[in-house]
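Me: I would like to go through the terms used for this model and see what each one rests on. Please set each value against its definition.

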Amino acid sequence: MGAPTINLALKQILQPHVPFSQMAVADIEFLLSHVEVAYYAPGETLLSPSPAVADYCWIVKQGGVRGLQPRTGRTEEERISFEATTGDCFPVGALLAERPVTLTYVAVGDTFCLLLPRARFNELVQRSEPFAGFCRRRLGSLLDLSRQHMQATYAAEASAERTMGMSLAALVRGAPLTCRPDDSLREAFGRMNQAHVGSVIVTEEFPGGEQVLGILTRTDLIDRVILPQRPLDTPIREVMTRDVMTLDANATAADATLLMAEHSIRHVPVLQARGGMARVVGVVSERDLFTLQRLSVRQLATGLRRAANPEALAAVAQDINRLSHHLVAQGVAAAQLTRLISHLNDQLTQRLLALACERFKLDPDGFCWLALGSEGRAEQTIATDQDNGIVFLRSAAAREQLLELADWVNVGLAQAGFPLCKGDIMARNPQWCTDTDGWATLFADWIERGDPQALLHASIFFDFRGIFGNRALATALREDVVARAQRTPRFLKQMSDNALRNRPPAGGMLEALLGDAASAPVDLKLNGTVPFVDAARIWALAAGVQETGTAERFRRLAEVGRLTVGDVAAWIDAFEFLQLMRLNAQHRRSERGGPGEANPNRVDPRELSALDRRILREALRQARKAQQRLELDYPG
């Protein structure tokens, strides 16, 4: 490159952008010493498919670039597969794989690019780990930075002291207190007292390492030792808790949080593999994890279990909202966060249903409450309405009694902050409170008809999950529905056609980010997460996959060979970023108070940081890529 002043100006342009912001000064200087600047007029082609590998890595200095798929009768907007602005690089994937490009790259407006020769690109990959990591894991690298920035913002607001993203290996303190199963209670209590700890892990040596057989905690003493008047010579194996839940040392504090919440436990032994042998390296307790301004998952779960009426449950629901804010501050990832919110919402609904069964004198074994939509997928955010139903045995209580129960529960959920469904997809609607044969007929009819109304129902009802009562009814229904859909490829094609009508924004957003057009708000749900949800549902039904969660469906599809591991990793990253961005938007809206924007999932790109705008473009690109794969699987 040329004069030092030109290099300095280029350095100032690149350094605000990832990966250049993370690279060593010497590596930036190496890059700038080997690039040339090229100008492209609006609409001019920079690079197009050919048998050869690209000669350069393009870095956008000014303007924008779109990557277009080959013409297949679609509009240019529908052909957009890639968008780049200042600081973006392309085609890094093709260069790393040493393969030809498959897109045509076209300038948007007056565009200037830095051209780095392929040989120097390869050399830079070898010498700069941040640059190499970004090229190999583009979206993941951006997401890591975005999560760090969001966590820092929330942490400052919440005065958080710890990160829930830290590993358990970093969290545990000191060696764990262990004993053998034949040790006496006297020995165990003496050690606990001397070590000033509230639990002892019962372990046994075996050739591959150490096995956790049980645990005994101070809270166990009254019921298991004091009241039964057990002699202190009793072996600890006779009173310990068996089948102990454990976690690997590489798991995070958020993983332990979720495990404690799901199983109502206070202590989790931590195992670490060393030289092929597993050893207990510590214990994580509830006290270690839940210091969130006196608000903990366990406290909320206890409050839900003790609630005696809908009003008490509504008070706890407000705390669930607060907790979600604190957990973002502590670094909890979107997947864990939405699962945790859904889990607590499940517990709230379960308690309300238990109260309803007492009130209406109904046996919960005779029916199952179905969570539908986002709750069925365990992907709830804090702004969600109700979608639910009831399946019951034909020999169960009269339908009228169940409808009374459902109406009481639906009203109670509305009081707790879950608005009544505007489309009346709730258990109190007689249409969605029916027996096993009735539900089977409904699903069979939707699959057979495949008309717009049936496809609309498919997007909500096919993600059902039993959360209260006789859950075997929901399990049997899911097995029947998945098998029936798998046998009907015509219906899957109709679902695909319907899903592809909802396209993520493309060209207009790039022009808005370049300042060439008015910025339109983006619906992070409709145009962001829904394309992933729809695609995962269709592929899961086609493959006979039983999971209902979007990320779980993607992972399972990769395991059975229906999708590539690389695509799945990128799609899950993009989906979870959009989920976290939705949650952030909802938090901000609730903090402002008042009704504000009617749609809680809309964001104005102009209000986002440069990093989040960049990731949003990449996340929406991944959504379009998923749809393009869906289009290939169901053409026509």
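**Terms and values**

In strand 15, Cys 433 is the bridge partner of Ile 390.

Reply: This is a predicted model, in which local features need pLDDT of at least 70, side-chain atom pairs count only at pLDDT 80 or more, and totals for chains, interfaces and linings use all residues. Residues are numbered from 1 along each chain as its sequence is written, and side-chain values use heavy atoms, with hydrogens and water left out.

Me: Why are strand 14 and strand 15 called paired?

Reply: Two strands pair if DSSP finds at least two bridges between them. Three bridges join strand 14 (residues 388–392) to strand 15, so the two are paired, and they run parallel. Strands are DSSP E runs of at least two residues and helices are H or I runs of at least four, numbered from the N terminus.

Me: What makes strand 15 and strand 16 edge strands?

Reply: The open sheet has four strands in the order 15-14-13-16, with mixed pairing. Strand 15 (433–435) and strand 16 (465–469) each pair on one side only.

Me: How do you know that the span of helix 17 is close to the expected one?

Reply: The expected span is 1.5 Å times one less than the number of residues. Helix 17 (residues 399–415) has 17 residues; 24 Å is expected, and the helix reaches 24 Å from its first C-alpha to its last.

Me: Which residues of helix 17 are called buried?

Reply: Buried means under 20% relative accessible area, exposed over 50%, and partly exposed in between (1.4 Å probe, protein chains only). Among those buried in helix 17 are Leu 402, Trp 408 and Asn 410. Just after helix 17, Gly 417 takes a positive phi of about 105°.
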